[in-house]
Amino acid sequence: MLLDHKSGRRRFRRIAWGQTSYPLIKPYDLSFVRLFAYESVWVCIEDEAGTIGLGEAVALPGYGWETTESIVVVVRRMLENAAALSEAELVQRAAVEREQHPFAASAVMTALELPAYLDGGHTKRFPLNGPVSAEEPELQFRKDVACQLGNGFPYIKVKVGA
């Protein structure tokens with residue numbers, strides 16, 4: 001991390017953001033909607049030392065009230081003239097937005113915090129996601145669940161119904 005010696009603040013070289021759509025090979029059914037693509041808003045922050053942080057947000061119906069469009073509006077607002085701000089000022093902008101727009105704020109905060117987290121030597125690893133398809137025959141489904149449990153996934157989220 002490169003700090004401005006006069007102000008003691010992290011200097012940014014580049015702050016960028018955008019929106020992307022990633023089509024899914026197979027539709028993903030949630031309780032409230034069938035997704036055919038992940039609509040993602042991404043944030044990239046690079047400091048003058050060349051350290052790059054990335055963050056993103058995907059508005060999923062049923063997991064929050066934010067939409068892709070609202071995330072775009074809030075990320076645009078948070079990052080307006082952000083290269084001229086101190087890191088603390090940018091964090092404050094995210095803090096102001098966090099209650100009403102947690103997905104948008106998390107995209108910016110992840111881009112800011114990820115490099116320090118990764119540089120901190122964090123080596124704790126844990127399983128996050130282990131796919132199991134209920135479309136398999138029952139015997140294969142049971143084997144898949146047992147395999148994921150054996151791989152360290154302590155919980156299985158089960159969706160019931162179509």
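Me: What is the ground for the values here, and which residues count?
Reply: The model is predicted: local features need pLDDT of at least 70, side-chain atom pairs count only at pLDDT 80 or more, and totals for chains, interfaces and linings use all residues. Residues are numbered from 1 along each chain as its sequence is written, and side-chain values use heavy atoms, with hydrogens and water left out.

Me: How many helices and strands does the protein chain have, and what makes a run count as one?
Reply: The protein chain has four helices and three strands. Helices are DSSP runs of H or I with at least four residues, strands are runs of E with at least two, and both are numbered from the N terminus. Along the sequence the pattern reads β-β-β-α-α-α-α.

Me: What makes strand 1 and strand 2 a pair?
Reply: Two strands pair if DSSP finds at least two bridges between them. Strand 1 and strand 2 have 13 bridges, in the antiparallel sense. Tyr 22 stands opposite Tyr 38 in strand 2. The two strands form a hairpin, with four residues between them.

Me: How do you know that strand 2 and strand 3 pair?
Reply: Strand 2 (residues 34-47) and strand 3 share seven bridges, again antiparallel. Trp 42 has Glu 56 of strand 3 as its bridge partner. Ser 40 stands opposite Val 58 in strand 3. These strands also form a hairpin with four residues between them. Gly 50, in that turn, has a positive phi of about 90 degrees.

Me: Why are strand 1 and strand 3 said to stand at the edges?
Reply: The three strands form an open sheet in the order 1-2-3 with antiparallel pairing. Strand 1 (12-29) and strand 3 (52-58) each have a single partner strand, so one side of each is left without a neighbour in the sheet. From one strand to the next, the twist averages 20 degrees.

Me: What packs on the sheet?
Reply: Helix 3 (residues 102-119) does, touching strand 1, strand 2 and strand 3. Contact here means heavy atoms within 4.5 Å. The direction of helix 3 makes about 160 degrees with that of strand 3. Axes are lines fitted to C-alpha atoms, for helices over the stretch in contact, and angles run from 0 to 180 degrees between N-to-C directions.

Me: Why is helix 1 called roughly antiparallel to helix 2?
Reply: The axes of helix 1 (residues 68-79) and helix 2 (residues 87-98) come within 9 Å and cross at roughly 150 degrees. Angles under 35 degrees count as roughly parallel, over 145 as roughly antiparallel, 65 to 115 as roughly perpendicular and the rest as oblique. So helix 1 is roughly antiparallel to helix 2. The contact uses Val 74, Arg 77, Met 78 and Leu 79 of helix 1, and Leu 90, Arg 93, Ala 94 and Glu 97 of helix 2.

Me: How do the residues of that contact divide?
Reply: They split into five nonpolar, no polar and three charged. Ala, Val, Leu, Ile, Met, Phe, Trp, Tyr, Cys and Pro count as nonpolar, Asp, Glu, Lys and Arg as charged, and the others, Gly among them, as polar.

Me: What makes helix 1 oblique to helix 3?
Reply: Helix 1 and helix 3 pack at about 45 degrees, with their axes 9 Å apart. That angle makes helix 1 oblique to helix 3. Ile 71, Val 74, Val 75, Met 78 and Leu 79 of helix 1 meet Phe 103, Ala 104, Ala 105 and Val 108 of helix 3. The residues of this contact are nine nonpolar, no polar and no charged.

Me: Why is His 101 called buried?
Reply: Buried means under 20% relative accessible area, exposed over 50%, partly exposed in between (1.4 Å probe, protein chains only). His 101 has 19%, so the residue is buried. His 101 lies in the loop between helix 2 and helix 3. Not counting residues up to four places away in sequence, His 101 touches Glu 66, Val 74 and Arg 77. Of the 162 residues of the chain, 29% count as buried.
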